[in-house]
Amino acid sequence: MSADDLLKGQPVLASFEKLEPMLERGHEVVVWDAAGRKTRGRVSSISAEQVVVHQRAASPLLRLFNTPTDRQFPADAVARIDIVDSTWNGALIGAAVAPVLVFGIHRWEEAGVSDSNSMKGMATVVFGGLSAVLAIGIGQKIDASINQPVYQRRRGLPPVTLMPWLEPTRRGVLAQVRF
């Protein structure tokens, strides 16, 4: 599910009360806390006071050694929640690029290897196959890194503060910028 599907044309939400009916158990999310740390997992529960995210290891091998955990985030500690979109379209784009890479490797091998060599075609098979797998994996990774926010906490203070600086011999403006 994408953020657009979840929000149905609404702007990014700024309260857990409005987010609670939309964000359901099982949605994959990335929660950014107030310190800037991110946690990826599936929603276990959400209320007006908190969101609970179920985390497990990314790969099946790591799941053998790591036990799944539930992390609780109080509403006032959450800076942003992104919904994780499917990565299939990134994998499909990588799969569409793969034949171009295989063709390029084939043309390179045709130009560089003589016809009398019995190993002609092996570079295309080996490097073409590896490049195809890499292209699909890279497309999927790029797509996985692009997530859209469904919740963004409003900042209490403006990011820029200006105040006059007056002294007997100096006059100016003091500016403070927060990131």
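1. Strands here are DSSP runs of E that span at least two residues, and they are numbered from the N terminus. On that basis Ser-44 lies in strand 2, which covers residues 38-46. Please keep in mind throughout that this is a predicted model.

2. Is Ser-44 buried or exposed? The relative accessible area of Ser-44 is 16%, and because buried means under 20%, Ser-44 counts as buried. Once its neighbours within four places in sequence are set aside, Ser-44 has contacts with Arg-25, Val-52, Val-53, His-54 and Asp-70.

3. As to the overall arrangement, the protein chain contains five helices and eight strands, which follow one another from the N terminus in the order α-α-β-β-β-α-β-β-α-α-β-β-β. Among the contacts in the chain with a separation of 6 or more, 55% are between residues 24 or more positions apart.

4. Two packed helices are described by the angle between their axes and the distance between the axes. For helix 4 (residues 88-112) and helix 5 (residues 122-144), the axes come within 7 Å and cross at roughly 155°. Since angles over 145 degrees count as roughly antiparallel, helix 4 and helix 5 are therefore roughly antiparallel to each other. The crossing of helix 4 and helix 5 is right-handed, and the residues of their contact comprise 14 nonpolar, nine polar and two charged.

5. On burial and surface, 29% of the 179 residues of the protein chain count as buried. The accessible surface of the chain is about 12400 Å², and carbon and sulfur atoms contribute 61% of that surface.

Note on methods
Residues are numbered from 1 along each chain as its sequence is written. This is a predicted model: local features need pLDDT of at least 70, side-chain atom pairs count only at pLDDT 80 or more; totals for chains, interfaces and linings use all residues. Side-chain values use heavy atoms; hydrogens and water are left out. Helices (H or I, at least four residues) and strands (E, at least two) are DSSP runs, numbered from the N terminus. Buried means under 20% relative accessible area, exposed over 50%, partly exposed in between (1.4 Å probe, protein chains only). Contact means heavy atoms within 4.5 Å. Accessible areas come from the Shrake-Rupley method with a 1.4 Å probe; for residues, only the protein chains shown count as cover. Axes are lines fitted to C-alpha atoms, for helices over the stretch in contact, and angles run from 0 to 180 degrees between N-to-C directions. Angles under 35 degrees count as roughly parallel, over 145 as roughly antiparallel, 65 to 115 as roughly perpendicular and the rest as oblique. A crossing is left-handed if the near helix is turned anticlockwise from the far one by less than a right angle, and right-handed if clockwise. Ala, Val, Leu, Ile, Met, Phe, Trp, Tyr, Cys and Pro count as nonpolar, Asp, Glu, Lys and Arg as charged, and the others, Gly among them, as polar.
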